[in-house]
Every structure is written in structure tokens, then in C-alpha cells.
Amino acid sequence: MVDSCLKAKFCGPSVTVASLYHQSQERITIVQDGGELLLEENGRILSTFSLLPRPRFWNFQTRSGIPCRRLANFYGANCLNFNIYSGCQFYDVGKPCRFCSVKPTQNRHGQVEIRKLPQDLADTCHLAVEHDDVQWYLATGGSYLDSDVEFDRHMEVARAVRDVLPWNGRLRGNLSMMPPRDLGRLAQMHEIGVDHPSFNLEAWPETAFAFFCPGKSQYVGFDHILTAYDSLVSLYGPGKAWCNFVAGLTPLDDLLAGFTAMAERGVIPGANVFHPDVGSPLGMSIPSPNADYIVAAYNGAAKLYHRYGYKPFFDASVLRNSLANEAYEGLL
Ligand code: SF4
């Protein structure tokens, strides 16, 4: 039986990373054969695989004495990942995103620092670059009631870490947040060197966004997010800003309409596949989408990437699955 949230690195000509989630109807099993791990379906071996290694920078601590494993991790094989604030104020007002389990997970495990200082994150980035393979960067926010405060925190962190990361002052990857009220401030993000900002909408159309993300809807607003994307496209040009959706929350046609609307605006759409999270408001009330939905969603995105000259997020070694990249290459 596949353990929940197991991340596996499959062997092959290139590295592909997948998160496997346990489902009661799961047919795929993990088998240990001597020193090798195998994925089997109905007795047929699908692939060998290996678990992602423990980050080496986790053996160290910051100059202020915080263990680095409490500050950052790897998303997939080589994307250095942290939340600048690992709480979420939308929970405090009873309006978390319905698919999210951030706070219950923190309460249950308490394994990360909730509030992270820029200097501690800079120390952590420095140690990760020194001891591990860092190819990408992902910093997430999106969890403050006041998105101006969130923006300031993100900019402080971006300024603190960019010179210790290996891209000559650029931030190669994604900075995910909600937009500030004054969209003129977005120019700072461009000047600081953030390559791919995003203000993830998660669900489309507006009614679905308001239902699934009530906090973001009330405190930021669907229209403001779209206007902010238009500002990003003016600053960056088309095909740089990203917008993530949760595939499976809405009917496929709505998801594809959201993909198309964002692509036409100059924004690259992408998606994670919904899975029921323990402790989330939705709980088990919505199942994960089936394989047909998932394949159609990623092929729909890939069609837009080719039409507009976009590239899927990161590469196959990052994110929770490589489906966008596989669809882009015509493999689905
Ligand atoms: S997904 Fe929504 S509820 Fe969860 S941490 Fe982000 S903003 Fe908060």
C-alpha cells in the first residue's frame, strides 16, 4: 500500500518526481526487493524508484541557532522551498481555503518555524547552496489578511536571500503571494529579480474562487487579482507570471476555462491535483479527480502552452508531479 504523501524519485534517463497519495482503491503497491524499491500494479513491475534524499543542509543550523530543517525543504528534487510565514491568518477569521490543511498540520506536527526572519532564511539558503543541489527557488506567502504586509515581508526576504542564491542576484523560480493593494509596488518585485511571480487563483470562475477561497476572496478579491496579473504582464511581458489552480475542485470545463482566460491574459496556467487533506474544511467530501479528468486538464494546459509559446512550471524534477511537462512533450 502506498503511504500518504510519499515522494519518490523515479530512475530513468531524467529525474521525475512524483508525490504518491494513498487512496483506498489504490492498485499500486511498493515492494522492497533486496536493496531496490519497486512499484507494482497487479504483480507487474512498473518501475524502480528511490526516495528523495534527506537534504544535507538539514544537518546545520542558522547563526541564530535555528535548525535549518525547521525553515526550508526541497520541493521535488532540487527546488529550495519555504513559506515566509507558515501560519495562515485566514484561519484566524474562519475563512481558510477549503482544500487546505496548513494550520491543522502545523498543530499536529509543529515541525517548522511559524515566523521566519529574513536573516535566518538567508543563512538557510546559503547552507543549502553549499551542501545540496539548488536549481530552483520557491517562496510562498498568501496567508496574511493584509496583503501589503505580506508584500513587504516577501520583499525583505527576497532582498536577504537573492545574493546567497546562485543566480547572480536573480530569484530563479516562483514567488507566490497575494498582490498588494497598490499595484504600483509590483515594480519592486521585478527590480529585485523575481523571475516568476504568482497570485494563485486556485479555482475558476469567480463563484468557485469565492467558495473555495473565502478569505482571499474577501480580503483581496478576484477582480483585484486579475488586475494585478495585468500589471505583472505589463512589467514582465507575457509568459512569465504563473497562476496555479487546484484540479478537481470544479468541473473540468471550468478549470479549462480558467486556464484559457489566464493564458489569453499573458499568464501561464498550471495546476496541482486535488487530494483530500486531513483536517481541511473539505475533508473527504470531494474525491480526487479521476485519471481522465487529470489527463484532459494537463493536455488542455499543454495545448495553451504551445499556442502561446509558454513553458510549463519548473521542470519534471520539481513540483508534486511532472504531468504538465509530460503533456507539453506529448507523452500523456
Ligand atoms: S491555501 Fe489558503 S488557507 Fe491555506 S495557507 Fe494558503 S491562503 Fe491560507
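Helices and strands here are DSSP runs, numbered from the N terminus. The model is predicted.

**The H3–E8 loop**

Val134 sits in the loop between H3 and strand E8 (136–140). Asp132 lies in the loop between H3 and E8 as well. Is Val134 buried or exposed? Val134 counts as buried, because it has 21 C-beta neighbours inside 10 Å, and the cut-off for burial is 20 or more. Asp132 has 18 C-beta neighbours inside 10 Å, so it counts as partly exposed.

Their contacts can be listed beyond the neighbours within four places in sequence. Val134 is in contact with Asn78, Leu80, Ala128, Val129, Leu165 and Pro166. Asp132 is in contact with Pro55, Arg56 and Phe57.

Val134 and Asp254 are 120 residues apart in sequence, and their C-alpha atoms are 36 Å apart in space. For Asp132 and Phe212, the separation is 80 residues in sequence and 37 Å in space, C-alpha to C-alpha.

**H3 against H4**

Helix H3 covers residues 118–131 and helix H4 covers residues 147–161. They pack at an angle of about 40°. Their axes are 8 Å apart. The crossing of H3 and H4 is right-handed. H3 contributes Pro118, Gln119, Leu121, Ala122 and Cys125 to the contact. H4 contributes Glu156, Val157, Ala160 and Val161. By type, the residues of this contact are seven nonpolar, one polar and one charged.

**The nonpolar core**

The largest nonpolar core holds 86 residues. Which of them touch the most other members? They are Cys79, Ala203 and Ala301. Helix H10 (residues 291–308) supplies the largest share of this core, six residues.

Cys79 touches Phe74, Gln135, Trp136, Tyr137, Leu138, Gly173, Phe314 and Val318. One of these, Phe314, returns below for its backbone.

**Backbone exceptions**

Most residues other than glycine have a negative phi, and most peptide bonds are trans.

| Site | Feature | Value |
|---|---|---|
| Glu202 | positive phi | near 70° |
| Phe314 | positive phi | about 45° |
| Trp204–Pro205 | cis peptide bond, omega | about 5° |

Glu202 lies in the loop between E10 and H6. Pro205 is in the loop between strand E10 (194–198) and helix H6 (206–212). Glu202 counts as buried, because 24 C-beta neighbours lie inside 10 Å.

Where is Phe314 placed? Phe314 is in the loop between H10 and helix H11 (323–328). Phe314 is buried, because 25 other C-beta atoms lie within 10 Å. Phe314 is also among the residues that Cys79 touches.

**The ligand shell**

How many residues surround the ligand? Eight do. The closest are Cys88, Pro96, Cys97, Cys100 and Val102. The shell divides into six nonpolar and two polar residues, with no charged residue.

Key: Residues are numbered from 1 along each chain as its sequence is written. This is a predicted model: local features need pLDDT of at least 70, side-chain atom pairs count only at pLDDT 80 or more; totals for chains, interfaces and linings use all residues. A nonpolar core is a set of buried Ala, Val, Leu, Ile, Met, Phe, Trp, Tyr and Cys residues joined through C-beta atoms within 7 Å. A residue is buried if 20 or more other C-beta atoms lie within 10 Å of its own, exposed if 12 or fewer, and partly exposed in between; C-beta atoms are placed from the backbone. Helices (H or I, at least four residues) and strands (E, at least two) are DSSP runs, numbered from the N terminus. Two residues are in contact if their C-beta atoms, placed from the backbone, lie within 7 Å. A residue is near a molecule or strand if its C-beta atom, placed from the backbone, lies within 6 Å of it. Ala, Val, Leu, Ile, Met, Phe, Trp, Tyr, Cys and Pro count as nonpolar, Asp, Glu, Lys and Arg as charged, and the others, Gly among them, as polar. Axes are lines fitted to C-alpha atoms, for helices over the stretch in contact, and angles run from 0 to 180 degrees between N-to-C directions. A crossing is left-handed if the near helix is turned anticlockwise from the far one by less than a right angle, and right-handed if clockwise.
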